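Here is a short briefing to read with the sequence and structure open beside you. Let's walk through helices, strands and charged pairs in turn.

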Amino acid sequence: MSTDFIWSDSLAVDVEFGYLQGNVNSPRRYHPQIVLNDNENSVLRTLRDELRRCTSFTFSVAFVSPRAIALLKQELVDFRGSGQIVTSDYLSFNSPAAFHELLNLDSLGVDVRVHSSQAFHPKGYVFRDDHTVTAMIGSSNLTANALARNTEWNLKVSASTQSDLAKQLSRVVTDQADSSVPLTREWIDEYERTYAPPVRTGHAAQDSLPAASTAEDVLTPVVPNAMQRDALEALAQVRKSDERRAVVISATGTGKTILSALDVKEFNPRRMLFLVHREQILDRTIEEYRRVLGGPPTDFGKLTGSSRDLSARFLFATVQSFSRPETLTGFGADDFDYVIIDEAHRSGAASYRRIIDHLTPQFLLGMTATPERTDSFNVFELFDYNVPYEIRLKHALEADMLSPFHYYGIADVTYEDGQSVTAEADLRRLVTPERVTHLVDALQTYGQAGVEPRGLIFCARTEEARLLSQALNDRTLRGRALRTLALTGGDSVADREAAVARLERGELDYILTVDVFNEGVDIPTINQVIMLRQTQSAIVFVQQLGRGLRKAANKDYLVVIDFIGNYANNYLIPVALFGDNSLNKESLRKNLIAAEEIGVLPGLSSIRFDKVAHRRILESVAQASLDSMQQLKAAVLDMRNRLGGAPSLWDFFRFESVDPVVLATKKEHFPALLSALRVNDYDFTPVENKQLHLLSHEVLPAKRLHEFVMMRRLLSEGELSVESATRALAEAGVPSDARQLASAIDTLTVTGYSQQGAKRYAEPVAARVEGGGLRLVDSFAWSMQTHPDFAAAVEDVLRTGEHLTVDRYEPRLVFTPGRQYTRSDAARLLGWPRATASTIYGYKTDVEVGVCANFVTIHKSEDISATTAYEDELIDPTTMRWFTRSRRTLQSKEVAPIVDGTVEMHVFVQKDNADDFFYLGLADAHDAVDTTMPGRSEAIVRMTLRFREPIDAALFDYFHPLITV
């Protein structure tokens, strides 16, 4: 069944739903909608959805911004129909850069036109396919804020191509095209010659003007930003507590240098020392300090290989120069009241330790964006575990402290033999003309057309960087010869500084390197970061991304182009982009889906993948051993380093680190994992081990609050009647029906488990009492009172689990749409005995309870038996074609209740048999017919399932064949 087969019926039902009967169950594909920017929808999401479905489109918009085009770039790249955008120079809102971006769309087949009207002010979007026309008309121009942030009102309506509305829209579109002319480079040149930017305020200014007004180097006087104000207060509190050391964790570009200068100003030291790893940033650092501190130039001095201002009040030195014995011994231990170590994660090196061990300042401040280390050095211990302030990439974007970025993950080149780039690829395959052409084409398509590129290209190998630079210098980009240079670890500091200066002056377009610019260099004007290598470390990825995130004058946003080959480590890309250290595959998939669904990240940044790159990442996630003991050990040791002692599950939750469920279920319980990793020992009795095992594996990941509510009451009261348990659940705002209550009691009393499950846990934490209530078993109650370590472990499970559940699941729903569930989860949450899970063969109909749990695999394995290889298909976000088991008819006792609606069907879908199932929602059966399997005689029932609420568009894309082939 194709979408062509059902479109007319869908339109008719949607018209009835939208205009006549709001209680009709409709696909909601063509119904009229008010499109706002809210939690449910956005203008951007609507445009992306329609571009994926239509065969042609027309945008008629007065105002356009480059960032809006960046948000739609991947959809326009993927689009295969005919498109037209009509705009104008009305009020001079559209910058020349915007027109350059529009003209660049010509290479994608988009016809861009300039209207002749002197007062062109429409805001309309029209989409056509073979059967329907859809129009969205309202308040939204084609600007980033209008697409995702502003308060907007738009009405989206659909009609048949034979309708009067379609004819009206066709006339408007035709008349508009007749009154406009194609956009040309000559037109832009003339416009640019006389262009005078209008004065803008509010979101209009944010959307179209460069970020100069917020860049550090133009702030006069220096005013602390939000991060700096909070951090300064926290640092003051640390010193009030008589602490002498602290480390601030702050994402690259958030103003760490200015923060330290502001704190030095507050501290007012007699003398200060600022230590850096690389000499290149010293001059800029001194300049920023002078702006904050004021005073005569003689107060500020350098200590490097070529400068020795040893008597300066504020001394800025490289670690290499200051740590030399002949230099270090020339300073007394108390010569400096305040010492700052930039890139403090390097402080474990011998050169740093010589300095730190020699000096005894009143206060030692470390600053780093990445305190985590792959060696054994503990940054946190060095600074006495004082972390007064921490702001990572995600939160810095939310606070609008960094330049917005638009990330495009695209597939690396595919050669004639069908192969792509791999980690083991021969150097010759990395520098072929085909790959160079692929790189230049991507720069042309995704790079900012109206802005001169200032980019860093990170390569896999030194020789690759050198050869690619030579090849690129023989190519052109938008009609101009490319100017690139390769830098390696063998180049001198002077050569690196000269190259950076050339890049900032616009004399170079790109610098190609391997790891030279991961850290310790400050180039605010960078507007492109190109990843031409596999991601081997999430930390390094963020460091390289961070090179372009600093705000600067005339910099609107950063473009990141990541060439994704067939790399096993591709799963690290979502880990890095989303700061997702959970080691949980569901979490990574959820973040990828959410990025597609929501459309934008904090700060109007975006993450987009082409279809091949998207598939490669998901395949890598599926194959990765995220929860290997090696991965878990590294994460646990990092947390122990941060805390100065053995961590708890709660620590991982509050610091947004590894998913506590992963940690608690790897072994019997989390203390057992710590013991296996030789991080901490525990001394529990065999009974306590079993009871903590039960709580860790059945209560912590329960995906509902019921067990937690009842455990809290039992711990405070010892015994719980059915009535008081029901009342406690109701007070907690969760379903409190008899089946849910009984199911939670079964969990705690180890009732209804399979034989294997009952043997695994053996020791319940509660027992039933007369009347159906329950009480704590004596052994558990005694251990909680007499064994503090056991009581702490139980409290850790309960506290963490409560917060996890509230954070991830809708408390009033049995299942949360978009979340993943196993058959065992479904059986428990529906009140069935746990052993039922092994008997759910695809679906289970329970007339007594009034539910059907339906588990569907969309892309089945090739070796699956022909009798179960049904062509189940998600047709659109509201409709699914589904087949029952073979040898079933409309009269079968498991089928008839589904067809006549006497049971509510919960639909769970997986992409293949290796994944858990995503819950899509409740669905109703329509158009059920008896049929037979293709080419076979077995009876089967085919029907259309219509979801009561549309599934998320991105979740639909996750399962839809177009995304995965």
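Which residues in α2 are buried? They are V43, L44, R45, T46, L47, R48, D49, E50 and L51. Please keep in mind that this is a predicted model.

- Helix α2 spans residues 43-53 and is mostly covered, with 9 of its 11 residues buried.
- R48 and D49 belong to a network of salt bridges that also includes R52, E75 and R608.

**Strand β22 and its partners**
- Strand β22 (residues 528-532) is largely enclosed by the rest of the structure, because 5 of its 5 residues are buried.
- Q528, I530 and L532 point one way from β22, while V529 and M531 point the other way.
- Strand β17 (residues 455-459) runs parallel to β22 and is joined to it by 5 bridges, with C459 standing opposite L532.
- Strand β23 (residues 558-564) also runs parallel to β22, through 4 bridges, and I561 in β23 is the bridge partner of I530.
- Between β22 and β23 the chain passes through helix α21 (residues 538-546), making a right-handed β-α-β crossover.

**A sheet of 3 strands**
- An open sheet has the strand order β25-β27-β26, with antiparallel pairing.
- Its edge strands, β25 (719-720) and β26 (766-768), each pair on one side only.
- β25 pairs with β27 (residues 774-776) over 2 bridges, and L720 has L774 in β27 as its bridge partner.
- Helix α32 (residues 738-749) packs on this sheet and touches β26 and β27, its direction making about 125° with that of β26.

**Salt bridges**
- The structure has 48 salt bridges by the rule used here.
- R642 pairs with E390, and their closest N and O atoms are 2.4 Å apart.
- This pair links distant parts of the chain, since R642 sits in helix α25 (residues 629-643) and E390 in strand β15 (residues 390-391), 252 residues apart.
- R642 counts as buried at 12% relative accessibility, whereas E390 counts as partly exposed at 29%.
- D412 and R435 form a salt bridge with closest N and O atoms 2.9 Å apart.
- D412 lies in the loop between β16 (405-411) and α17 (427-430) and R435 in helix α18 (residues 433-446), so the pair ties together parts 23 residues apart in sequence.
- Both D412 and R435 are buried.
- D417 and R429 meet in a salt bridge at 3.4 Å, N to O.
- D417 is partly exposed, with a relative accessible area of 47%, and R429 counts as partly exposed at 29% relative accessibility.

Conventions: Residues numbered from 1 in each chain as written. Predicted model: local features only at pLDDT ≥ 70, side-chain atom pairs only at ≥ 80, totals over all residues. Heavy atoms only, no water. Pairing = 2+ DSSP bridges. Contact = heavy atoms within 4.5 Å. Axes fitted to C-alpha atoms, helices over the stretch in contact; angles between N-to-C directions. Buried < 20%, exposed > 50% of the residue type's maximum accessible area, 1.4 Å probe, protein only. Right-handed = clockwise from strand over helix to strand, strands pointing away. Salt bridge = Lys/Arg side-chain N within 4 Å of Asp/Glu carboxyl O.
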